[in-house]
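Me: I am new to this structure. Could you take me through it in short questions and answers?

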Amino acid sequence: MDLSPVLDGFGVVLEPTNLLYCLIGVVIGMLIGVLPGLGPAATIAILLPLTFGIEPVTAIIMLAGIFYGAQYGGTITSVLLRLPGEASSVVTVFDGHALARQGKAGTALGIAAIGSFVGGTVSIVALSIVAPVVAGFALDFGPPEYTALALLGILLVSTVSSGDRLKAVVAASIGLLLATVGRDGFTGAERFTFGSLDLADGLDFVPIAMGLFGLGEILHNLEERHRAVQAPAKVANVWPSRADLRRSSGAIGRGSVLGFLLGILPGGGATLSSLAAYALEKRRSKTPERFGRGAVEGVAAPETANNAAATSSFIPLLTLGIPANATMAVIFGALLIQGVTPGPQLVSEDPELFWGVVNSMYVGNILLLVMSIPLVGVFVRILRVRATVLAPITVLITLVGVYTVRNNVFDIVLVIAFGALGYLMKKLGFDPGPLVLAFVLGSLLEESLRRSLLLFGGDPTGFLTRPISGTLLALFLVVALLPLVRPLVRAALGRRRAPAPTDTHHPDHKELV
Amino acid sequence: MTVLVGFLPTAEGRAAFAAGLAEARRRGEDLLVLNSPRSGAPVSADVAPPDLVADLTGRAREAGVALELRQAAHDGDPSEEVVRVADEADASVIVIGLRRRSPVGKLLMGSTAQRILLDATRPVLAVKPQAG
């Protein structure tokens, strides 16, 4: 492997501007990680207009910092207040808060920070090795492969993510439909524009992401009242003891690997991997009854896994151009805005951007480790800000921000419309993630589908005769049919023996997500 | 009938609690401590932390007074909440702590205590923390 672009990447990271934006990114990430409700996808969407004026590398370094910084921040409130700041820290509540009640909040936070650091770093190293290989492999991909990949990506995100599968598929279909609005790239015919000039160029990604994730989440949060207001928690700065570290080292190691693997999968990401890592530790443990009563492994495993997953979910984005989850979809949009098309050619054609972003994660993780222990008290302060103060400010930033992108009032109208849609979707139990993801992948899917059909002379069986696209489509079918087949298999198995032990952990996790 | 204390985890709040406890004992009534933060934020410095709550209940038990603590959040003005709870519990007296304020500060900031004094339809005992 040629190491010089990797080293050049460090040169990019160590430029003062990039270091500064990395710091800004991780601080914002920590803050919104602490705030329940406002997730990394929403924050990155709201801050999209801010990235216009800066270099692509710098912009993505900052946005990436927000994403993995939020994984650190989410832990803090889980441990101290039994209030998960992010979905990926929900399982940390069980043991983290139990430790805090025993007066060992410092231990829990320290272990979580160390685990996050180790998980993140292991994941970056693995990413540095795996990503160029995947990208090299994907360089041979033609339109048919991309068609299959985009289909599989959309399907996986809709089925693997938490919540109702059917609703997620409906949301994804709406996203695909929205992607068709505007001028047809091949024939120039106008579709679904209703004669409106504003719609002729198609719907822009920025207002959709800002509306659905940003405004929609703010509106939904305003409605949700915090029933019990809590007293500010005190954190004693206790560094975890050697025994705690030794006990959790195995959990951190396994969490890193599990998180890395699950993060690569579309739809997997941080939330799923934290759940899986916790379940794995509980099952492996000789004393599973300690879990939920303050086991350090129960904090170490999920926190390590969610950071490892947050990092490795960059792999499909940067090497295939397929975002693995909602946050990655927004970062994908940010790259497109900057005129960078993520894909297999990114590593070879734009090594500065690729390695700059990847290597910035080392710096970001060190910054987070340094900040997270002594500054916990400062970050927790933001929880005292009332929603009635926070929401108007965020809405104002969102609306002014979207206007500055193209100086177009129509974009403001779009944000408000999609904000209302996002709010209604959340209310009715639809996850806006698949919609945005399908919207982003929609144009890629359509373009490569039509190009491959041109290639095959209109014969759709061509997809099946090419080995890679054929395999991907077979996988697509397996994933699509799995929910239908699973009950049958389970029924068949159930007749022979008791239900599989795998599912015993599942119900109590589901209701918390 | 009960004695209602408007409580905050401050020196004024502690003074009000001490006075309320003495008052409840003298009258032979129950003690209702209202520690209601403003709603909207997940965390508020106005909420009495668990160790302080333990301390308060301990002191009430020592004095032989039945204590009820309400920590539910309220919307709007805290004075309205105090008066509302006083009416609901039919308090015989409301005990509040007063902050030292300059006349100008008073003019600018208004006062929760003042509004309670004006709005309440029952006796109000206003106490100050010990100087120092």
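This is a predicted model: local features need pLDDT of at least 70, side-chain atom pairs count only at pLDDT 80 or more; totals for chains, interfaces and linings use all residues.

Me: In what order do the elements of chain B run?
Reply: Helices (H or I, at least four residues) and strands (E, at least two) are DSSP runs, numbered from the N terminus. Chain B has 5 helices and 5 strands. From the N terminus on, their order is β-α-β-α-β-α-β-α-α-β.

Me: What radius of gyration does chain B have, and why does that agree with a compact globule?
Reply: The radius is taken over C-alpha atoms, and the globule rule is 2.2 Å times the number of residues to the power 0.38. The C-alpha trace of chain B spans about 40 × 35 × 35 Å along its principal axes. For 132 residues a compact globule would come out near 14 Å, so chain B agrees, with 14 Å.

Me: How many residues of chain A are in contact with chain B?
Reply: Contact means C-beta atoms, placed from the backbone, within 7 Å. On the chain B side, 13 residues take part. The count for chain A is 15 residues.

Me: Which residues have the most contacts inside the largest nonpolar core?
Reply: Buried means 20 or more other C-beta atoms within 10 Å of a residue's own; exposed means 12 or fewer, and partly exposed lies in between, with C-beta atoms placed from the backbone. A nonpolar core joins buried Ala, Val, Leu, Ile, Met, Phe, Trp, Tyr and Cys residues through C-beta atoms within 7 Å. The largest one has 193 residues. Those with the most contacts in it are A:Ile60, A:Ala209 and A:Val436.

Me: Is A:Ala45 buried or exposed?
Reply: A:Ala45 is found in helix α3 (residues 40–47) of chain A. Beyond four places in sequence, its contacts include A:Ala209 and A:Phe213. A:Ala45 has 36 C-beta neighbours inside 10 Å, so A:Ala45 counts as buried.

Me: How many residues of α12(A) are buried?
Reply: Helix α12 (residues 269–284) of chain A has 16 residues. α12(A) is mostly covered. The buried count is 13 of its 16 residues.

Me: Is A:Phe194 buried or exposed?
Reply: A:Phe194 is found in the loop between β2 (190–191) and α9 (197–200) of chain A. Its phi is near 50 degrees, a positive value in a residue other than glycine. With 7 other C-beta atoms within 10 Å, A:Phe194 is exposed.

Me: What value is phi of B:Asp90 near?
Reply: B:Asp90 is found in the loop between α3 (78–89) and β4 (91–97) of chain B. B:Asp90 is exposed, with 10 other C-beta atoms within 10 Å. Phi of B:Asp90 is positive, near 50 degrees.

Key: Residues are numbered from 1 along each chain as its sequence is written. Chains are lettered from A and ligands numbered from 1 in the order in which they are written. Two residues are in contact if their C-beta atoms, placed from the backbone, lie within 7 Å. The expected span of a helix is 1.5 Å times one less than its number of residues.
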